[in-house]
Amino acid sequence: MKALDSLRIFVATQRKGSLSAAARSLSLSPATISRRISALEEELGVQLVDRTSRNLKMTEAGQAFLSHAEGVLEAMADAEQAARSARQRPEGRLRVHSRTHIGLRVVAPLLPRFAQRYPDIQVQIELSEHPVNLVEHDFDVDIRTGESNDSGFVIKRLLSSDEVLVASPAYLKTNSRIKHPSDLPQARCLTYRREHEATSWKYVDEQGATQELAIQGVLSANNGEMLRLAALGGMGVALLSEPTVRSNLQDGTLVRLLPEYRFAVRAFSNGIFAVFRQNRALPLKVRAFVDFVAEALQDDAPVAAAALDAS
């Protein structure tokens, strides 16, 4: 580590602007600082500091060496943090934002197990139907549906899912069966409402082209669980994620319509995503939470079955 000490001394000297200021910040004498820089110059075979000037001034070689030295010290700091983290337990306050239905159906069932595994993390969850800025609102993680184009954050897919058309047996008894996606605009549909957007459902036709249908729902809501319950009650046809209605399809309380077609509300990249800030050393509490949720959704079928809604 002696070489790293020399790098720290050299960088501190340039940042502080003088030998005496660097000596005070490092609790060393100016003479020691001078000797260590001279030894570094001798080892490198180049002059780093111009000693003919009354002020501390770097040579061209010193300027080139400084940027690399700073990079080495930053990398070493990251390595030291990683080593310390390996023997530490995740702890502290973890602020999580989630869409309401995802928070209730996905995150909430996982919290007891998460708390048991990580007792030193205090989780604070806020639910809403609106996107949030992680930095402005001081959130560590945002659980979102659909992909994000925000390159300033790390985006990790937690669960993939297709959306399926479903209706109850009671609805199908009293309404004409839907034979083609083009029949849907005339059917009694249950739609997810996103603010003032018009509702449209997309599907891939027989030629592989994406088609879009304008849907006027007999019920619209900004919560997928309400749409699922309405479909169970025979109110109409809903387009919901397959994991959400998997148990209903298995027990026959809902029937899948037009299984030969692929549907989506907005895009064919449906799923749950964890979004978090980019940091050189990701806080242990964030890594622990994101990895735990991703693992649970892949391994725990009952939780995954409630994972997504049409939002």
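Is Glu70 buried, partly exposed or exposed? In this predicted model, Glu70 counts as partly exposed because its relative accessibility is 24%. The largest nonpolar core has 26 residues, and a second, separate core has 19.

**Nonpolar cores**

- In the largest core, of 26 residues, those with the most contacts inside it are Val141, Ile143, Leu158, Ile272 and Phe289.
- Two or more residues of this core come from each of β3 (92-99), α5 (100-117), β5 (141-145), β6 (153-160), β15 (271-277) and α9 (284-299).
- Helix α9 gives the largest share of this core, with 9 residues.
- Leaving aside neighbours within four places in sequence, Leu158 is in contact with Ile143, Ile272, Phe273, Ala274, Val290, Val293, Ala294, Leu297 and Gln298.
- In soluble globular proteins, nonpolar side chains tend to be buried together.

- Arg15 and Glu70 meet through their side chains in a salt bridge, at 3.6 Å from N to O.
- The two residues lie 55 residues apart and link distant parts of the chain, with Arg15 in helix α1 (residues 2-16) and Glu70 in helix α4 (residues 60-86).
- Arg15 counts as exposed because its relative accessibility is 59%, whereas Glu70, at 24%, counts as partly exposed.

- The side chains of Lys156 and Asp291 form a salt bridge at 3.1 Å, N to O.
- This pair links strand β6, which holds Lys156, to helix α9, which holds Asp291, across 135 residues.
- Lys156 counts as partly exposed at 29% relative accessibility, and Asp291 counts as partly exposed at 35%.

- Glu212 and Lys202 meet through their side chains in a salt bridge of 3.2 Å, N to O.
- Glu212 belongs to strand β10 (residues 210-214) and Lys202 to strand β9 (residues 200-204), 10 residues apart.
- Lys202 is buried, because its relative accessible area is 17% and the cut-off for buried is under 20%.

**Helix α8 and its end**

- Within helix α8 (residues 242-251), the residues Pro243, Thr244, Val245 and Asn248 are buried.
- Gly252 follows α8 and has a positive phi, near 85 degrees.

Definitions and conventions: Residues numbered from 1 in each chain as written. Predicted model: local features only at pLDDT ≥ 70, side-chain atom pairs only at ≥ 80, totals over all residues. Heavy atoms only, no water. Buried < 20%, exposed > 50% of the residue type's maximum accessible area, 1.4 Å probe, protein only. Helix = DSSP H or I, 4+ residues; strand = E, 2+ residues; numbered from the N terminus. Core = buried A, V, L, I, M, F, W, Y, C linked by side-chain atoms within 4.5 Å. Contact = heavy atoms within 4.5 Å. Salt bridge = Lys/Arg side-chain N within 4 Å of Asp/Glu carboxyl O.
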